[in-house]
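I opened this model to look up its nonpolar cores and its strand pairing. My notes follow.

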Amino acid sequence: MQKLLDLLDEANVIYDLQASTVDSIITEMVDTCVATGTLAEKNREKLIASLIQREKSMSTGIGGGIAIPHCSVDYLESSLTLLAISKQGLDFKAIDDNPVHIFVMLVVPKNKFQDHIKTLALIAKTLGHEDENQELIQATTFAEVQTALQERQ
């Protein structure tokens with residue numbers, strides 16, 4: 001059975017998200033993927049636009065300090081996942097109006113829609129216990145992220 005930890009790559013983790021608006025948070029996450037080489041520069045603008053459009057239709061801030069900005073695209077061969085952490089919490093227009101501390105960006109190829117739904121459910125289930133997320137929010141290294149997520153499923 002797949003775990004959230006299996007989807008994460010050490011390069012695609014932001015330990016101290018600096019952005020402060022929905023659009024700038026999305027841009028910082030996408031720019032990190034471009035900088036690490038997991039997203040081609042030519043797809044940067046398209047992905048930012050897709051993620052922002054998705055947020056405008058309905059916030060992916062699911063409550064409990066978690067947001068899962070996501071979309072499906074036709075220009076990726078495989079899924080792209082990024083974890084971003086905000087120690088202080090950011091306004092992401094979450095359904096419970098609380099600040100978001102943990103962001104998991106998920107971009108899935110259009111032809112893998114079933115994977116998309118399963119992965120969203122996996123992320124929500126893994127991070128769904130707000131009391132268990134403090135260790136992850138405090139993480140400053142990938143080893144600490146691994147420890148925080150190791151036992152969860």
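I take a nonpolar core as a set of buried Ala, Val, Leu, Ile, Met, Phe, Trp, Tyr and Cys residues joined through side-chain atoms within 4.5 Å. Buried means under 20% relative accessible area, with a 1.4 Å probe and protein chains only. The model is predicted: local features need pLDDT of at least 70, side-chain atom pairs count only at pLDDT 80 or more, and totals for chains, interfaces and linings use all residues. Residues are numbered from 1 along each chain as its sequence is written, and side-chain values use heavy atoms, without hydrogens and water.

I looked up the largest nonpolar core first. It holds 30 residues, and Ile 26, Met 29, Leu 47, Phe 103 and Met 105 touch the most other members. Helix 2 (22-36), helix 3 (44-57), strand 4 (70-73), strand 5 (80-90) and strand 6 (100-109) each give two or more residues to this core. Helix 2 gives the most, with seven residues. Helices (H or I, at least four residues) and strands (E, at least two) are DSSP runs, numbered from the N terminus.

I noted a second, separate core of 25 residues, which includes Leu 8, Ile 66, Leu 136 and Val 145.

Next I turned to strand 6. I found 10 of its 10 residues buried, so strand 6 is largely enclosed by the rest of the structure.

Which strands pair with it? Two strands pair if DSSP finds at least two bridges between them.

- Strand 3 (residues 66-67) pairs with strand 6 in the parallel sense over two bridges; Ile 66 has Ile 102 as its bridge partner.
- Strand 4 is also parallel to strand 6, over four bridges, and His 70 stands opposite Leu 106.
- Strand 5 runs antiparallel to strand 6, joined by seven bridges; Ile 85 stands opposite Ile 102.

Key
Buried < 20%, exposed > 50% of the residue type's maximum accessible area, 1.4 Å probe, protein only.
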